[in-house]
Amino acid sequence: MDVLVTVAARALREGDPLGALQRVALREDAPALALRGVAMAQLGEFPRALHLLKRAARAYGSGDVLARARCGVAEAEVALASRDFEGAEVVLVEALRTFELHGDSENARYTRLLQARHALVLGRVDAAERLLAELDPSDAPAMHSTLARLLSFEVALRRGEIRSARTALEHARVAARNARIPALGSEVEHAARVLSIPAARVVVRGEARPVLLDEVESLLGSEHLVVDACRRALRSGSRVVSLSTRPVLFALLRVLAEAWPGDASRDALVWHVFGARRVNASHRARLRVELGRLRTQSRDLVDIQATPRGFVLVPRRPVEVRVLTPPVEGADGAVLALLADGEHWSTSALALALGASQRTVQRALATLEEAGQVQVLGRGRARRWVAPPVSGFTTTLLLPTSGFPG
């Protein structure tokens, strides 16, 4: 590798894409094309970056499998940044196999980091955590260590483990200072903002107030009876009753919880849960059936008793009932949470990340567009959706973990 290529590569590692381009901007050999592609990716010029990286891979030819694998990883990283997930997972798996076969531990580590990022974007928190567990950030270059700590930070946030998230964030700050890459330090500080702005609302005795992630963690760890509308669950301390696959039962539970310590009328339950404004005998019969199912599911934590006008929640222990709600309500909230990262998403990428059909996502996007919360760019296959970063609160608790909220 010649001197200019070496200097350009060093500039890229230090987060200086313009410095790298000054050395190799006019060159057409394979190493220069690859460096130009990475530099353009760092500048956010993704289509141009992909074009250069594909040219570099062809220029290397079939004889240099390591170089072609590195180009493939760079292409996959650009694809993830531009929210184009098609084929990225396969490319990363094949590249990792090549790096491990040839003893390229540094690129193998970086490929695992990209796999973890890919898993997190798609809501596969367990998979991301397993990939990160295979890495030792303390034994990695400062840049890799920073990225690993940031990914650990996001995993902890998705799990509601705020103390672990703060620890990972502090380690990321230290690693970013050691890396001496300004863009990396900015990324760490941007991530830290999540901890200082409201993440959800808590409803207690009919009154709602915004809460930070620290307060969310404290609430979920308390003995209070918590109706968690972010994950569709009933919680009390370490005991959790998941209703993620029972939306009707959870809707009933939430109406009852928001009415506590009073009761919820039968008409209100039928209206909020079944969408019927005029209650008939069929609705009342269905209400009795669904309430019976809810009693069975939640009997260890709460009882549901009939009153002259409706039903009331009665906790098994002397605790308060609290409702934890996301900052943005409705099925559109998860779509908005993904778009709030400022990237351009295709409908197919949103559907893949949410585990939903494209038609479901299209309906959500139409609603958000009508409300002026998202914008569409391009046409046909180049059609992309984008939303400005949501100000005033974090969408962390809206990000998908296992499917699309209905």
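## Two arginines in loops

Let's begin with Arg-205, which sits in the loop between β1 (200-204) and β2 (207-211). This is a predicted model, and in it Arg-205 has a positive phi of about 50° although the residue is not a glycine. Is Arg-205 buried, exposed or partly exposed? Its relative accessibility is 48%, so Arg-205 counts as partly exposed.

Arg-232 is not a glycine either, yet its phi is positive, at about 50°. How much accessible area does Arg-232 have? The relative accessible area of Arg-232 is 16%, so this residue is buried.

## A cis peptide bond

Which residues does a cis peptide bond join? They are Trp-260 and Pro-261, and the omega angle there is about 10°. To find the spot in the model, look at the loop between α13 (247-259) and β6 (264-265), where Pro-261 is placed.

## Cysteines and disulfides

A disulfide is a covalent bond that links the sulfur atoms of two cysteines. How many disulfides does a search of the whole structure find? The search comes back with zero.

Cys-71 has a relative accessible area of 4%, so it is buried. Cys-230 is buried as well, because its relative accessible area is 14%, and the cut-off for buried is under 20%.

Technical notes: Residues numbered from 1 in each chain as written. Predicted model: local features only at pLDDT ≥ 70, side-chain atom pairs only at ≥ 80, totals over all residues. Heavy atoms only, no water. Disulfide = S-S within 2.5 Å. Buried < 20%, exposed > 50% of the residue type's maximum accessible area, 1.4 Å probe, protein only. Helix = DSSP H or I, 4+ residues; strand = E, 2+ residues; numbered from the N terminus.
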